[in-house]
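Here's a quick tour of one chain, from its overall build down to a single side chain. Have the viewer open as you read.

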Amino acid sequence: MPASDPDTQLSDVALKLVDATVETLRDRRGALLPILHEIQAEMGCVPEAVIPVVAERLNLTRAEVYGVVTFYADFRTEPLGRKVVHVCQAESCQALGSDALGASAKAHLGVDFEGTTEDGAFTLRKVYCLGNCALSPSVMIGGEVHGRVTPDSIGKLIDAGRTAP
Amino acid sequence: MTARVFVPRDSGALSMGAETVAAAIRDEARRRGAALDVVRTGSRGMYWLEPLVEVEAGGRRTAYGPVAAADVAGLFDAGFLAGGEHALGHGPVEAIPYFANQERVTFARVGVIDPHSLDDYLDTGGFKGLENALGLSGPEIVETVTESGLRGRGGAAFPTGIKWKTAIDAPSDVKYVVANADEGDSGTFSDRMVMEGDPFMLIEGMIIAGLAIDAREGYIYLRSEYPHAHETLRRAIATAYDYAYLGDDILGSRRAFHLEVRLGAGAYICGEETALLESLEGKRGMIRPRPPLPAVSGLWGRPTILNNVITLASVPLIFQKGADFYRDYGMGRSRGTLPFQVSGNIRRGGLVEKAFGLTLGELLYDFGGGSRTGRPIRAVQVGGPLGAYIPESLFDTPLDYEAFSGIRAMLGHGGAVAFDDTVDMARMARFAMEFCAEESCGKCTPCRIGSTRGVEVIDRIRADAHRGENLRLLGDLTDLMLYGSLCGLGGLIPYPVVSALKHFPEDFGAEDVKELNLPF
């Protein structure tokens, strides 16, 4: 379908970005995941309106692209907070109290898992394994992993993450 | 003379503040007018000592750790640049018992060299295996791998030589090599350590695999949770292209191999080989029924060698030092070494590379030092979220593929996660089902539906609602999932559930587990 289809409410700027991304990566085989990663890195998410555009450019159905976007935990159609607080909930971290860590993070941010703070600064998510198991329990704040975190220290780490670049 | 100070850039070390420490050392040196180079390395795998700073003095490397930025001035005062004594000092790093008692074969360079330095890699025997392999035919390469006894380190322990032989025999003008770097199992981090600490070794192994089956393209499928590994691999691949280890004419041999990293997107199931291939092709990570095996019809329907990172990283050494060198380590049919990873509630968490055959108890106590909380270790999950929980009565089991099958457990990728006596095993069994429900690709019914029903049944057991009936139902359900699932997610999730029930029936309020018709 043409990009002016009423279903797509992308701004011209966004449309240009999507087109440029698709153009750069489309010759790679299995390009859809790299394209979605790139779009998300640029736009903060893969807005629903992007899906038909990408589908059309790659000669895929909307269902195929939508299916991929919704299958993977990394991709989302709504923007998250400026930083994501990932609290590991896998076995190794459970063995050292990741439950209490999750509870402490929820209390500190005032949101549940998958919730975003009102000021848009943070989204709280759980993650299964950051590969830092020898230093459990672990959290990742804005892409930075912290090991041996305690229910007391997690609040300070989050606050430090608020001001860090 | 300029002193050399080594500070890891491994993401575990970074999680304990290694970046700040490296900066503090540079600043302090500048302040004191001391000439030093800070070399960034991988990790030695002694994570309880991270950030572990090493200083080269007197022909050896002296270790200090765990170092905080606030300790740096004191270290200078103590003359650490000459290996001086300090409260954080551990003497020569290679004499630390945890390290000295290992057999660092695959991990010989990790934590030692600068992972970005091709010179470091070459100086330590790097690309010697490739040079040797370039003089061999494809079948000869496969034969050498078979002779080494190497088995897949991802978990299934399938003989690597046989897999490669299948791929070489499959007729096709296009073939692929894929590294499974979707290390999603909790309690495992050896792939990450290799990619962050010795990336050229993985690249070299993949090139040799390419030569073996005449594949000219390879992919590393890396989980997105590993951004540091991603950066290190990208840099290493770029360097390998610059120096003609990758490209259209490898070292003037007229053989080609191209390599690219592809990122996953947060799906545990993509560690399953056929789901990984679907994902690489740009689709949902839905598993494919087997047969056909990926070695016959893999990526884009072409014959594909798909191996775990550690499997491929073990290959260069086999060609550098010979199949015998590798095979001489180990026991029974488990040849070579395995980088075990000990974590969870443990005092000295880290990486322990040993020949197969040390016992689980030795790993937990001699290396791990017992639980971190100081309480008795009650259960250990070996082999990731799909591995069995093992009670103390079985801690004398040797870490060997067959010995673990013998106790209805699996070694998997070599991770052991310890829990102390505060653990509620019914809760861990519930988590296994919950995890399976969350990560199921949805292709087959036993996994998609069974995992959700499993959570419900365990909830009822824990709430003492018709407990006896629900325990029997759980037995039936695990039996169905074990035998009826299409892949190892639904098919193996009964292991943690059944082992928890069998070894810790009191946590389920179960009186006689023999009555429950458990599948094993």
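## Overall fold

Chain B has 21 helices and 16 strands. Keep in mind that we're looking at a predicted model.

How does the radius of gyration of chain B sit against the value for a compact globule? A compact globule of 520 residues would come out near 24 Å, and chain B has 24 Å, so the two agree. Along the principal axes, the C-alpha atoms take up a box of roughly 75 × 60 × 40 Å.

## Packing and contacts

Of the 520 residues in chain B, 62% are buried. Take the contacts between residues at least 6 apart in sequence: 70% of those link residues at least 24 apart.

## A look at Arg109(B)

Now zoom in on Arg109(B), which sits in the loop between helix H4 (97-100) and helix H5 (118-123) of chain B. Is this arginine buried or exposed? Arg109(B) has a relative accessible area of 10%, and because buried means under 20%, Arg109(B) counts as buried.

Its side chain makes a polar contact of 2.9 Å with the side chain of Thr124(B). Leaving out residues up to four places away in sequence, Arg109(B) also touches a set of residues including Tyr121(B), Gly125(B), Gly126(B), Gly197(B), Asp198(B), Met201(B) and Gln320(B).

Methods:
Residues numbered from 1 in each chain as written. Chains lettered and ligands numbered in written order. Predicted model: local features only at pLDDT ≥ 70, side-chain atom pairs only at ≥ 80, totals over all residues. Heavy atoms only, no water. Helix = DSSP H or I, 4+ residues; strand = E, 2+ residues; numbered from the N terminus. Rg over C-alpha atoms; globule rule 2.2 N^0.38 Å. Buried < 20%, exposed > 50% of the residue type's maximum accessible area, 1.4 Å probe, protein only. Contact = heavy atoms within 4.5 Å. Polar contact = N/O pair within 3.5 Å; in protein donor to acceptor, adjacent residues only side chain to side chain.
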